[in-house]
Amino acid sequence: MKCVLYKLNSEYRFQIIIKNNMNKKGQYLISTFIKNTTAANDIKMIIDVDPVDII
């Protein structure tokens with residue numbers, strides 16, 4: 001999903017929203033997936049748990 005400011009300082013931004021009803025087990029699965037995910041050096045990932053500012 002594109003961010004509200006999808007291009008900022010000549011860089012594109014996207015957000016991924018993950019919802020789960022599995023409580024701790026779901027959190028464990030998601031955190032394990034994120035820890036094992038590698039991205040190219042020019043990609044920056046920021047993780048915000050329970051964000052308030054989603055539009």
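**Note on the predicted model**

1. Of the 55 residues of the protein, 4% count as buried, where buried means under 20% relative accessible area, exposed over 50% and partly exposed in between (1.4 Å probe, protein chains only). The model is predicted: local features need pLDDT of at least 70, side-chain atom pairs count only at pLDDT 80 or more, and totals for chains, interfaces and linings use all residues. Residues are numbered from 1 along each chain as its sequence is written, and side-chain values use heavy atoms, with hydrogens and water left out.

2. The protein has 1 helix and 2 strands, in the order β-β-α along the sequence. These are DSSP runs numbered from the N terminus (helices: H or I, at least four residues; strands: E, at least two).

3. Accessible areas come from the Shrake-Rupley method with a 1.4 Å probe; for residues, only the protein chains shown count as cover.

4. I43, M45, I47 and V49 make a nonpolar surface patch of about 430 Å². M45 is placed in the segment after α1 (23-35) and counts as partly exposed because its relative accessibility is 48%.

5. N36 also lies in the segment after α1. N36 is exposed, because its relative accessible area is 61%. Its side chain reaches the backbone oxygen of T32 at 3.1 Å.

Key: Patch = residues over 30% accessible without salt bridge, like charges linked within 9 Å, V, L, I, M, F, W, Y side chains within 5 Å. Salt bridge = Lys/Arg side-chain N within 4 Å of Asp/Glu carboxyl O. Polar contact = N/O pair within 3.5 Å; in protein donor to acceptor, adjacent residues only side chain to side chain.
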